[in-house]
Every structure is written in structure tokens, then in C-alpha cells.
Amino acid sequence: MTRKQIARTPISRSPGTPSPTTHPPVTENLTPARTPAPATTETTPTSPPSPASVPRQDTPSVVSRSHFRSHIPEPRPRFVDLVASEWVKLRSLRSTWIAYAVTALAVIAFNAGTAYDMYKYWTAEDTADRADFVRDGMPLQVAFTGNAAMVMVLALGAIGALAMVGEYSTGTVRTTFAAVPARHAVTAAKAIVVGAVATAFGVLVAGASFVLTQAILDGRGVGVPFGEPGAHRVVLASALLAPVSALAGLALGTVVRHTAATMITTVGVVLVLPNILSEDRYWSALAGHAMPFRAWGRLMDIGAPTPSDFAWSTGGAWTVYALWVLGSAAVATVGVRRRDL
């Protein structure tokens, strides 16, 4: 057998014997082996967990906080806060200060004009006439005249009335009472503010009038110092006439609540009525003595008192002042609670 025949003769192989020129098939698994998870017992909850089982620090309850805050009652306003609120209302109105300024100028002008008229036409030069002039209390009568008192009564009564009527006319009283349902407290705070400002105004005007008039009369040698007997009473009575009139107007404004009707009623009560009540009959004189303007006139009698069939004392006049202040505050407080808006 030749070499070519041997190369062409196929080699017999037994089944299962691998060929020398071929490689056995590779059966490598390229997927990474997974470790079997341990068997667990799964339980399906039948109901949601109880809120008590949830830790408070893990789940802050925002809803419960807001619900809690909504049920916290608001603190009630203090009476000092109401007074401060009424003071803001009063001082924020420019018309109020204009009215006070005009009234002060008018009152001081009336008193100074009377004193200057007396100074200009003074003819008595002897010492006896001067002594009689001072003894009769004429310098103190000039310190605050009746015309000035009428201007003060009218102006302060109107200012006090507008302090309440102004809120009713503009409708701001509804907002005030909605914020503070305690109407009596609001009205009491307003009365304190109105009375305090009117008192300061009265002291300023009465003191300025006294100083100015006595300085004018001193040019004739008949001016008196503040230490003169009766001077304190004149200044104090004139000063306190302002808050009495203002609180009376406030009470009338609370009851009437209409601007025009309140102004007419205020003028009639504080000025017209005292002038039409005569001193000839007991009941008429008694009603006249109960008016603030008449009480001021009684306190201004420094020398010999005015002759009358039904005389009264200065203590009674001071009592009238006090009763009008307390009565006006009571009427305003009760009136605002009894009536609707």
C-alpha cells in the first residue's frame, strides 16, 4: 500500500471516541448562580395598624396639631387694650384736634377780650375802688366768662357726641363690636378716653385763661394771683365743665345715634334748658340747679352769692358735676347694651 493510499484511507473510530481535530462542545452556563432565598412565612394583614402602635417620634401628626390649635380659645382683650384702642381712634381723627384747637382759641379769646375791655375802660384810680373790685370777685369773674363757658359747653358736648355718633354713621361700630362683643366694656373705655382728653383740655384752657386775663388786669393793678381765695375753685370748676359736657354728649349720642338729632338734643339739654328754667318756682329752680351750666355759675360766685329764693351751696354744685359724670357713663353703657345696631 502506497503512502497516498494510506493518507486517503479513513480511520475507523469506535462510537464515543472524540475526534483529534475537534473539541468537545462547551456547555458553560453564563448566568450567575442564584442563592435560593430562605423560606419565609408571609402573612397578609387583615386590618390597618392601630395609631397607638405607631411611634410618636417617627410620624409627627400635623393634622392633629392644627386641629388642636383651632380649638384653642383666643384670649379675651384686656380693658387696658380697649382703652388704648379708643385712644388710637380719637387721636387718629384730624377733625377732633381741629375742633379742640378752635374751641380753645374761642374760649381764651372771649376771656382775654373781656379782660382787655375792662382794662381799656378802667377809670377808677383810687385804692378804695380797686379794693372793692377785688373783694367782689370781679377779676375772677373775668378769668372765665359766661360766654366762654357757653362756647365750651356747646363745643365739648358736640365733640363727645360725635365720638359715638361718628362710629354709628360710618358703620365702624359693627366692626368694633364684632371684635369685642362686650359692648359695655368698649363704651366704658370710650368714656374714659373722652373724659380724660376733655379734662386735659379744660385744665389747659382754664389755666391759660386765668394767667392771660390776670396779666391784662394787672396792668391796672387789679389782677389777682392763683393763691387768691376762690381762684382755685374758679379754675377747677371751669376746667371740669369740659369733661362733664363731653360725657353728657357721649351719653346722648349713644341713645339718639343720629348726627342731627344728637346735636339738637345736646344743645337743648346742656345749654337751652338751664337758661329757660327760672328761679321763681321750687321745682323749676330744683331742675335748674341740676344742670351742669347752672352748677358752674354757682361755683363762680366768689363774692356775695346771687340772691335767690331757693339758694343752694357749692357742695351741691360739685355734687351735680359728679352725678352728671356717673350718670352719663351709666346711660352710655346701658344704652349700648339695650339697643341693637
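Trainee: Which residues do ring pairs link into a cluster?
Mentor: W87, W97, Y100 and F201. Rings of Phe, Tyr and Trp (its six-membered ring) pair if their centres lie within 6.5 Å. Planes under 30 degrees apart count as stacked, over 60 as edge-to-face and the rest as tilted. One caution: this is a predicted model, so local features need pLDDT of at least 70, side-chain atom pairs count only at pLDDT 80 or more, and totals for chains, interfaces and linings use all residues. Residues are numbered from 1 along each chain as its sequence is written, and side-chain values use heavy atoms, with hydrogens and water left out.

Trainee: How many aromatic pairs by that rule?
Mentor: Nine. Take F210 and F226: their ring centres are 5.7 Å apart and the planes sit at 80°, so this pair is edge-to-face.

Trainee: Where do F210 and F226 lie?
Mentor: F210 is in helix 9, and F226 is in the loop between helix 9 and helix 10. The pair therefore ties together parts 16 residues apart in sequence.

Trainee: Is F210 buried or exposed?
Mentor: F210 is buried, at 6% relative accessibility. F226 is partly exposed, at 41%. The cut-offs: buried is under 20% relative accessible area, exposed is over 50%, and partly exposed is in between (1.4 Å probe, protein chains only).

Trainee: Step back a bit. How many helices and strands are in the chain?
Mentor: There are 14 helices and zero strands. Both are DSSP runs, numbered from the N terminus: helices are H or I with at least four residues, strands are E with at least two. Of the 341 residues, 32% count as buried.

Trainee: What about the largest nonpolar core?
Mentor: That core has 45 residues. F144, M152, L156, F201, W296 and Y321 have the most contacts inside it. Helix 10 gives the largest share, 10 residues. A nonpolar core here is a set of buried Ala, Val, Leu, Ile, Met, Phe, Trp, Tyr and Cys residues joined through side-chain atoms within 4.5 Å.

Trainee: What does Y321 touch?
Mentor: Leaving out residues up to four places away in sequence, Y321 touches A237, L240, L241, V244, P292, A295, W296 and L299. Contact means heavy atoms within 4.5 Å. There is also a second, separate core of 13 residues, which includes M164, F177, A191 and L247.

Trainee: P292 and W296 are on that Y321 list. How covered is helix 13?
Mentor: Mostly: seven of its eight residues are buried. Those are P292, F293, R294, A295, W296, R298 and L299.

Trainee: Now N111. Where is that?
Mentor: In helix 4, residues 94-120. N111 counts as buried because its relative accessibility is 0%.

Trainee: What does the side chain of N111 reach?
Mentor: The backbone nitrogen of T145, at 2.9 Å. Beyond four places in sequence, N111 touches V142, A143, F144, T145, A148, S209 and T213.

Trainee: Last one, V134. Which helix?
Mentor: Helix 5, residues 127-135. V134 is partly exposed, with a relative accessible area of 26%.

Notes: A polar contact is a pair of N or O atoms within 3.5 Å; within protein, one must be able to donate a hydrogen and the other to accept it, and residues adjacent in sequence count only if both atoms are side-chain atoms.
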